[in-house]
Amino acid sequence: MAAKAGDNPDSLMALSTAFCLRNLRRTMCYLGDGNKLCLRSDVFLPSEICDKLVNTYMELVHSDSSFEPQDGFFQLFSDPRSTRLTRVQLREDLVWDRDLEAIGKQDLIELHLTYCNSLSARSLKTLASFRQTLVSLSLFGCSHIFYRKGGAPLAYNEDGEEEEEEEQQWPASRQALDTDFSFQGFNRLRLLNLGGLPEEVDPEALLKPLPALTSLDLSGVQLPRAAFLAQWKERLASLVLYNVDLSEELVNTVVELGHLRHLDISRERTSKFKMTRKILTAIVQGLVNLVSLDISGHIMLDNCTVPHLEEVTGSKNEDQVLNAIEAYTEFRPELAHRAINQLFDIARIQHCSQLLRALQLVIAALKCHKYEKSVQVTGSAALFYLTNTEYRSDQSMRLRRQVIQVVLNGMEQYQEVTVQRNCCLTLCNFSIPEELEFQYGRVNLLLLKILEPARQDESIQRIAVHLCNALVCQVDNHHKEAVGKMGFVKVGETAILCDQVMEFSWSALWNITDETPDNCQMFLNCRGMSLFLDCLKEFPDKQELHRNMLGLLGNVAEVRALRPQLLTPQFISVFSDLLDSKADGIEVSYNACGVLSHIVFDGPEAWGMEEPLRDTVMDKMMAAIQSWDVTSRRNINYRSFEPILRLLPQSIAPVSQHWATWALFNLVSVYPSKYCPLLVKEGGIVLLEKVLELQTSHEETKDMARYDLTY
């Protein structure tokens with residue numbers, strides 16, 4: 001048997017790392033003075049483990065809503081005698097100056113900071129402490145790191161420590177450019193990414209002390225004087241000038257960099273600069289070692305072509321599209337979005353032949369840019385097509401779980417209508433509830449949020465109700481009670497008021513109240529019976545609606561403590577009238593008779609009203625039962641016969657016994673392989689034998705009981 005896409009299990013290292021991070025105090029840490037998280041004294045961790053811990057921690061913080069950031073986490077790595085860090089990747093606003101300071105004594109080789117907008121010039125001081133060892137540094141999108149907070153000298157607290165301001169964005173009036181930082185002494189630095197460097201910072205002066213660079217990324221940086229790049233003409237192998245305004249001087253300087261193997265002069269926004277055949281030829285002929293060139297986004301003149309170059313991203317075929325997603329995801333969401341859109345078309349119209357790679361790349365893009373609308377819209381749409389029936393057999397459970405996680409992340413982080421719809425539709429591609437059970441509570445909470453009255457998009461609400469219904473249809477009562485406590489009964493009844501989701505809502509409420517008395521009580525408390533009467537009056541001809549409503553009320557009637565609330569002249573008259581219904585075959589009549597069977601089972605003392613008379617209702621029930629075809633195929637699914645079996649060995653309401661015996665006779669004769677084992681398992685044989693012994697049992701009832709016993 002061929003392995004499915006993504007079938008390889010997580011490594012022991014990955015599993016152990018995640019477990020330790022989720023259970024720090026049970027594994028490697030303890031709470032010290034002032035509830036400070038401290039590393040145990042007998043723990044000594046090498047760089048391979050420390051790097052994994054820090055980088056996995058950041059991934060969990062950003063992609064797992066159940067994972068809580070730990071105060072003082074980075075302080076665990078403050079002492080290089082017990083912990084060694086060498087390669088660290090930190091991103092976005094959850095990283096603060098104090099976090100970087102905590103690891104300031106480590107001999108870092110690689111430090112990648114991406115969109116860390118909470119970092120200020122205070123972190124430049126920490127950066128200098130790595131100058132002896134740092135080989136690779138990225139400050140991409142760290143727009144505030146070259147500014148001091150408050151536009152004044154850094155403040156200190158009573159302990160002599162610099163105070164941390166907890167704002168993520170600071171007004172320009174409070175920013176003061178830090179002019180003290182220098183790369184002097186960073187002698188080992190070879191790879192540097194300064195993408196998004198503020199205009200106030202002079203790149204020439206900043207980079208002058210770094211003669212040994214081999215890779216430089218200046219994305220989005222303005223270079224009015226480009227000649228300084230020539231200082232690396234004997235060493236620079238990779239240069240990225242994405243969204244940099246090109247000029248003749250800049251192009252001429254780039255052509256001097258004869259050791260370049262990778263050049264990126266692409267752009268996303270329009271430019272006055274026009275790419276001519278002459279310029280392109282000069283680049284290709286001047287840079288003889290070039291193996292990759294990215295000029296996407298430029299206006300091309302003179303029918304420009306680039307001969308003899310391999311691996312260029314684009315949209316010509318699936319390989320190019322996937323290469324583009326891989327190349328652009330981390331730093332260029334706007335281009336990654338376009339590439340994912342091309343993948344969407346391939347999966348929708350053609351066929352995606354590299355399913356595993358495609359799914360992994362889209363998942364990575366959605367994790368990386370959870371607040372980027374364009375990526376979330378196109379990514380969630382692509383996932384819908386990449387997980388549908390055509391591709392399903394090639395996907396492992398592990399890969400599909402990764403898809404579910406990232407879809408739920410999108411639903412949590414981005415409330416845009418299109419994203420929500422795409423995510424809900426993608427969830428419909430999974431086996432429910434089985435494949436969603438590992439995130440059962442989380443997915444239900446997100447679906448309930450969609451069903452809140454403030455949400456006006458009925459198409460999404462309809463999908464959400466369908467998913468909720470599927471989630472509660474085949475799970476145990478514990479799960480149903482949990483969903484009820486989350487507020488589903490109340491929200492579901494609110495959704496009933498919307499015509500488009502009304503039938504789905506009643507169906508979901510029918511399922512969630514099955515054998516769950518607490519949810520039945522909630523239904524009554526939330527004006528459920530008034531809604532029932534209103535819907536019955538407003539939609540007298542909606543057969544499936546009537547079946548769903550009566551099925552739910554059958555669940556309520558099974559709860560003895562709740563039956564008195566159904567025992568009113570109005571409700572009994574409605575149930576009695578519905579015995580004559582021919583809607584949906586026998587289902588509406590059958591369900592109405594089931595409700596009444598439980599009510600009359602409480603005896604004449606509980607009836608307590610003059611009209612309608614109990615005997616009259618029971619006569620009408622018997623007439624209805626006798627009119628049903630016992631070979632009818634049913635639109636119903638019983639997980640247990642217990643509510644039916646309790647009506648068998650009794651003489652207080654023979655018609656209830658008759659209804660229960662008919663139900664069993666119908667089910668075991670029409671669906672013997674499914675229901676005969678259930679009847680035996682739940683002790684139905686003994687109870688049917690008792691029916692035969694009772695003097696009060698109707699002969700017709702006994703005949704059906706004998707038939708049940710022969711099966």
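**Figure 1. Asp 264 and Arg 332 meet in a salt bridge.** In this predicted model, the closest N and O atoms of Asp 264 and Arg 332 are 2.4 Å apart; a salt bridge here is a side-chain nitrogen of Lys or Arg within 4 Å of a carboxyl oxygen of Asp or Glu. Asp 264 sits in strand E11 (residues 262-264) and Arg 332 in the loop between H9 and H10, so the pair ties together parts that are 68 residues apart in sequence. Helices (H or I, at least four residues) and strands (E, at least two) are DSSP runs, numbered from the N terminus. Both Asp 264 and Arg 332 are buried, where buried means under 20% relative accessible area, exposed over 50%, and partly exposed in between (1.4 Å probe, protein chains only). Arg 332 also lies over the face of Tyr 242, at 4.0 Å from the ring centre; for this, NZ of Lys or CZ of Arg must be within 6 Å of the ring centre and within 35 degrees of the ring normal.

*Notes on the model.* Residues are numbered from 1 along each chain as its sequence is written, and side-chain values use heavy atoms, leaving out hydrogens and water. As the model is predicted, local features need pLDDT of at least 70 and side-chain atom pairs count only at pLDDT 80 or more, while totals for chains, interfaces and linings use all residues.

**Figure 2. Further salt bridges, from a search that finds 28 in the whole structure.** Glu 268 and Arg 338 join through their side chains at 3.9 Å, N to O. Glu 268 is in the loop between E11 and helix H8 (277-286) and Arg 338 in helix H10, so this pair ties together parts that are 70 residues apart in sequence. Glu 268 is partly exposed at 33% relative accessibility, and Arg 338 is partly exposed too, at 43%. Turn next to Asp 79 and Arg 81, whose side chains meet at 2.9 Å, N to O. Here Asp 79 is partly exposed at 26%, whereas Arg 81 is exposed, with a relative accessible area of 70%. Arg 148, Asp 178 and Asp 180 are linked in a network of salt bridges.

**Figure 3. Aromatic pairs, with a count of 23.** Rings of Phe, Tyr and Trp (its six-membered ring) pair if their centres lie within 6.5 Å; planes under 30 degrees apart count as stacked, over 60 as edge-to-face and the rest as tilted. The rings of Phe 140 and Phe 331 are a tilted pair, with centres 4.3 Å apart and planes at 45 degrees. Phe 140 belongs to the loop between strand E5 (136-138) and strand E6 (147-148), and Phe 331 to the loop between helix H9 (318-328) and helix H10 (333-349), so the pair ties together parts that are 191 residues apart in sequence. Phe 140 is buried at 8% relative accessibility, while Phe 331 is partly exposed at 23%. Trp 628 and Trp 662 form an edge-to-face pair, their ring centres 5.0 Å apart and their planes at 70 degrees. Trp 628 is in the loop between helix H27 (614-627) and helix H28 (642-645), and Trp 662 in helix H29, 34 residues apart. Trp 628 is buried at 9%, as is Trp 662 at 3%. Ring pairs also link Tyr 57, Phe 67, Phe 73, Phe 74 and Phe 77 into a cluster.

**Figure 4. The largest nonpolar core, with 143 residues.** A nonpolar core is a set of buried Ala, Val, Leu, Ile, Met, Phe, Trp, Tyr and Cys residues joined through side-chain atoms within 4.5 Å. Those with the most contacts inside this core are Leu 386, Met 411, Leu 447, Trp 506, Phe 532, Phe 575 and Phe 641. Helix H29 (residues 654-670) gives the most to the core, with ten residues. Apart from this core lies another, of 83 residues, among them Cys 29, Ile 279, Leu 293 and Ile 295.

**Figure 5. Helix H3 and some of what covers its buried residues.** Twelve of the 17 residues of H3 are buried, so the helix is largely enclosed by the rest of the structure. Among the buried ones are Cys 50, Leu 53, Tyr 57 and His 62. Their cover includes helix H1 (12-22), strand E3 (87-91), H11 and H14, counting contact as heavy atoms within 4.5 Å.
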